[in-house]
Amino acid sequence: MLNKYLKPFPENFLWGASTSAYQVEGANATDGKGPSCQDVKELPAGTASLDICADHYHRYKEDIALMAEMGFKVYRFSIAWTRLLPNGDGEVNQKGIDHYNDVINTCIEYNIEPLVTMFHFDMPDALDQRGSWSNPDSVGWFVNFAKVMFEAFGDRVKYWLTINEQNMLTLVGPIIGTLRIPEGTTNILKETYQQNHHMLVAQAKAMCLCHEMLPNAKIGPAPNISLVYAASCRPEDVLAAQEYNAIRNWLYLDMAVYGVYNNLVWTYLEDNDATPTFAPGDAEALKNAHPDFIGFNYYSTATVQASSPDDDLDPGADQQTARGEAGYYKGYANPYLMKTEFGWEIDPLGFRANMREMYSRYRLPMIVTENGLGAYDTLTEDGKIHDNYRIKYLQEHIKQLRLAISDGVEMMGYCPWSAIDLVSTHEGIRKRYGFIYVDTTDEETGSLDRYRKDSFYWYKKVIATNGEDISD
Ligand code: BG6
């Protein structure tokens, strides 16, 4: 596309950034909070615990003031289920409600729209003990949690996201510390997709409840979407790319938007004796739910080639490193892409391709709920962080975002990961993403003082010019 006429970012474009409760708040046993699966998981060696993180729980006012200084129009954060309901259901913890009321009110004081993720990788441990997402009751647990949030915060929160990266919970749950497989399970794939089904139904019911209780609110899913390329134009590779696209991406959005299982995924589940059981009413619940928009996280594309059933594939994949399933697809290192220091491919043009593809499939407004560069940052003696590599990454992606808008894709906002440094899912706080530097380490030493990175000043200018000036 020549894109002779570059369209501007929409007038009310939501510029901001994201965090998640368990990665940023710390204070994980404070003010009545119950433990979540993250608090009880075995930590990857050498990574910070989740007791302190960026101590955002105590310092959110300072942090939101810094976000306001950058000019944020939106702040995407998640609500820790176990702050509101320490046991996952049952009694509500008023201190948890008070805390998020304060966070939301602080955002509103600065004219920052709160964008609330309802569930970001932090299942209450008490519910894990009762079978987690394997238990059909999990649908009701989640809907009850949603109701508590809609009642408490629905008068001020207009934008809701249901489940962060449900596709990653399903595909790489063990790396994120979330998947619970009941003892004695013989078909792990079937069990995983049964849990996935419960999440899909829970999401659908929560979306309906939101529309019922809060007619002016908007709600949508937040999967991690990586468009899948074929490693070559060999037809076998193209078919493998279609399969992985369906398994990784379209299953989640076809269900959220159209309320049906993607046919390729259903066939793959049939092949593996892994189709989920529908409870009475599930099909209708899935069909009745309609998101108002799509939130999605984008870090990179994926590339695959065909795989034969006897392929021996590396199981050590995470959210963005190519994985494989023997007989279906096999990850392939894209020779045209550079990698981050942590091995994730960098593909700004793929970001545009991703948005085009999603919009042509679903025709809903979209917001980027994560995108960013995990890197080692250095705090200089005079309190600076020269993260020109992060600026470069974000510049390239924002350029493609504008091109996608010029292609006719309806984009509502951009929330890179992350507003402030926080603990990564499995690689500690040394893998930093924030615009705001937090003085702490994986050994949990440091003052926890905040510093503005070079990217902080750069992003402030981007927002002030509504994306017209992205130069450094
Ligand atoms: C997404 C998650 O997968 O990517 C975030 O929604 C996560 O929680 C982010 O932190 C970056 O991944 P990582 O593994 O580098 O923390």
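The following conversation goes through a predicted model and asks how some of its descriptions are reached.

Trainee: How do you know that the radius of gyration of the protein agrees with a compact globule?

Mentor: A compact globule with 472 residues would have a radius of gyration near 23 Å, and the protein has 21 Å, so the value agrees with that description. The C-alpha atoms fill a box of roughly 60 × 55 × 45 Å along the principal axes, and the secondary structure comes to 15 helices and 16 strands.

Trainee: What percentage of the residues count as buried, and what percentage of the contacts join residues at least 24 apart?

Mentor: Of the 472 residues, 61% count as buried. Among contacts between residues at least 6 apart in sequence, 76% join residues at least 24 apart. The protein exposes about 18100 Å², of which carbon and sulfur atoms supply 51%.

Trainee: Why is Pro365 called buried?

Mentor: The relative accessibility of Pro365 is 19%, and buried means under 20%, so Pro365 counts as buried. Pro365 has its place in the loop between helix 13 (348–362) and strand 13 (366–370).

Trainee: What makes Pro365 a residue with contacts beyond four places away in sequence?

Mentor: Contact means heavy atoms within 4.5 Å, and, when residues up to four places away in sequence are not counted, Pro365 touches Asp292, Phe293, Ile294, Glu410 and Met412. Pro365 and Gly295, which are 70 residues apart in sequence, are 8.8 Å apart in space, taken from C-alpha to C-alpha.

Trainee: How many aromatic pairs are there, and why is the pair of Phe72 and Tyr459 called edge-to-face?

Mentor: The count comes to 34 aromatic pairs. For Phe72 and Tyr459, the ring centres are 6.1 Å apart and the planes stand at 80°; rings pair if their centres lie within 6.5 Å, and planes over 60 degrees apart count as edge-to-face, so this pair is edge-to-face.

Trainee: Why can the pair of Phe72 and Tyr459 be said to tie together parts that are apart in sequence?

Mentor: Phe72 lies in the loop between helix 3 (56–70) and strand 2 (74–78), whereas Tyr459 lies in helix 15 (residues 454–464), so the pair ties together parts that are 387 residues apart in sequence. Both Phe72 and Tyr459 are buried.

Trainee: Which residues form one aromatic cluster with Phe72 and Tyr459?

Mentor: The cluster is formed by Phe9, Phe13, Trp15, Tyr414, Phe435 and Trp458 together with Phe72 and Tyr459.

Notes: Residues numbered from 1 in each chain as written. Predicted model: local features only at pLDDT ≥ 70, side-chain atom pairs only at ≥ 80, totals over all residues. Heavy atoms only, no water. Helix = DSSP H or I, 4+ residues; strand = E, 2+ residues; numbered from the N terminus. Buried < 20%, exposed > 50% of the residue type's maximum accessible area, 1.4 Å probe, protein only. Rg over C-alpha atoms; globule rule 2.2 N^0.38 Å. Areas by Shrake-Rupley, 256 points an atom, 1.4 Å probe, with all protein chains shown as cover. Phe/Tyr/Trp six-rings, centres within 6.5 Å; stacked < 30°, edge-to-face > 60°.
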